[in-house]
Amino acid sequence: MKRYTGLIENYRSRLPVSESTRIISLGEGNTPLIELHHIPRLIGKEVKIYVKFEGLNPTGSFKDRGMTMAVTKAVEAGSQAIICASTGNTSAAAAAYAVRAGIQAFVLIPEGKIALGKLAQTLMYGAKIIQINGNFDRGMALVKEVAEHAPVTIVNSINPYRLEGQKTAAFEIVDELGFAPDYHCLPVGNAGNITAYWKGYKEYFTGRVCANTPVMCGYQAAGAAPFALGEMVDNPETVATAIRIGHPQSWDLAWTAQKESGGWFDKFSDEQILAAQKMLSQFEGVFCEPASAASLAGALHDISTGKIPEGSIIVCTLTGNGIKDPEIAMQQCADAKPVTIDASLDAVKRAILDHI
Ligand SMILES: *Cc1c(COP(=O)(O)O)cnc(C)c1O
């Protein structure tokens with residue numbers, strides 16, 4: 001039996017590590033690629049849709065892929081502390097990997113705009129949390145400034161090692177399918193992830209005769225859609241807090257990914273995103289967080305219009321776990337209150353028979 005010990009060990013030869021590098025890992029990566037069985041039938045289209053469920057990483061989001069690399073390299077360079085601005089998931093990942101490495105994590109978060117589960121995680125891991133009365137974009141600007149004056153390593157996706165780690169998700173997909181999908185759909189915030197996947201697909205096929213890379217489709221929330229609009233947004237708003245970003249850090253890189261792959265950006269309302277989140281849970285048994293569902297909302301839209309034609313093989317990345325945002329989940333199911341009955345056999349029997 002070969003024990004899985006994380007993505008750096010698994011893809012060592014394609015990552016910037018040496019024999020002597022001390023690897024900081026929590027066993028991240030190797031997440032399931034789940035084929036949707038019910039939704040394609042429901043929409044009446046001949047397509048194959050897979051979801052790459054990144055919510056099953058150690059801290060519940062794809063950020064762990066980048067963080068294992070970024071923290072490994074920070075420690076290798078002798079850093080004693082890391083810092084990030086975050087909408088929640090980066091802070092949880094930074095906090096966990098810092099503990100693993102035995103160094104300090106500082107995280108800047110927008111007060112009141114981070115999902116409950118992400119805040120709880122970050123507190124539990126013991127990071128130093130600094131809340132600001134400003135949004136992610138402001139936090140990011142402050143982090144860049146403070147890192148010039150204090151001995152801390154930035155672990156946001158402007159740290160190139162983050163993208164190195166994240167590109168391994170593309171490797172896993174091709175390894176598993178035996179080929180790249182026709183279309184790869186992702187939610188886009190700072191756009192580090194779409195950039196990393198594109199890098200991964202290109203690297204995978206470098207030097208091969210049969211280079212079939214996917215069309216990259218980036219989907220945003222309508223209230224936070226700088227790529228879809230073609231310009232920065234000053235006051236981004238969306239329930240999908242993980243992509244509530246108006247000034248993306250990987251602006252140029254993501255446009256390159258879009259152009260080189262022949263892809264596109266688009267935007268969808270919070271209602272469309274939440275509908276896709278609920279659909280995935282209730283028809284497929286896959287519970288992702290709201291931002292993640294933008295990938296499926298976009299794919300379903302583009303399949304319905306024919307922009308993604310029938311016969312296509314599509315992968316949607318589900319970036320984070322639904323359990324991270326219990327408040328949105330409860331709102332989504334407000335009309336499905338649990339019934340309360342007597343603790344008797346009769347009453348339980350009746351409750352069951354009512355539902356068959
Ligand atoms: C970080 C994050 C995103 C956005 O990823 P970018 O690389 O910033 O585009 C999307 N969904 C979730 C759940 C995230 O945590």
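Trainee: Where is the place of Asn193?

Mentor: This is a predicted model. Look along the helices for Asn193. Its place is in helix α9.

Trainee: Is Asn193 buried or exposed?

Mentor: The cut-off for buried is under 20% relative accessible area. Asn193 has a relative accessible area of 6%, so Asn193 is buried.

Trainee: Which side chain does the side chain of Asn193 contact?

Mentor: A polar contact needs a pair of N or O atoms within 3.5 Å. The side chain of Asn193 makes such a contact at 3.1 Å. The partner is the side chain of Gln166.

Trainee: How many residues surround the ligand?

Mentor: Among the closest are Lys63, Asn89 and Thr319. By class, the shell has seven nonpolar, eight polar and two charged residues. The number that surround the ligand is 17.

Trainee: How far is a polar side-chain atom of Lys63 from an oxygen atom of the ligand?

Mentor: Polar contacts are counted within 3.5 Å. For Asn89, a side-chain N or O atom is 2.7 Å from a ligand oxygen. For Gly189, a polar backbone atom is 2.8 Å from a ligand oxygen. For the polar side-chain atom of Lys63, the distance is 2.6 Å.

Trainee: What share of the ligand's area does the protein bury?

Mentor: Taken alone, the ligand exposes 380 Å². The share buried by the protein is 97%.

Trainee: Which elements give two or more residues to the shell around the ligand?

Mentor: The ligand sits in the largest cavity. Two or more residues of the shell come from each of α9 (192-205) and α13 (290-304).

Definitions and conventions: Residues are numbered from 1 along each chain as its sequence is written. This is a predicted model: local features need pLDDT of at least 70, side-chain atom pairs count only at pLDDT 80 or more; totals for chains, interfaces and linings use all residues. Side-chain values use heavy atoms; hydrogens and water are left out. A residue is near a molecule or strand if one of its heavy atoms lies within 4 Å of it. A polar contact is a pair of N or O atoms within 3.5 Å; within protein, one must be able to donate a hydrogen and the other to accept it, and residues adjacent in sequence count only if both atoms are side-chain atoms. Accessible areas come from the Shrake-Rupley method with a 1.4 Å probe; for residues, only the protein chains shown count as cover. On a 1 Å grid over the protein atoms alone, a cavity is a set of points where a 1.4 Å probe fits but cannot get out, and a pocket is an open set with protein on both sides within 12 Å along at least five of seven lines; lining residues have an atom within 4 Å of a point. A molecule sits in a cavity or pocket if more than half of its atoms lie within 2 Å of its grid points. Helices (H or I, at least four residues) and strands (E, at least two) are DSSP runs, numbered from the N terminus. Ala, Val, Leu, Ile, Met, Phe, Trp, Tyr, Cys and Pro count as nonpolar, Asp, Glu, Lys and Arg as charged, and the others, Gly among them, as polar. Buried means under 20% relative accessible area, exposed over 50%, partly exposed in between (1.4 Å probe, protein chains only).
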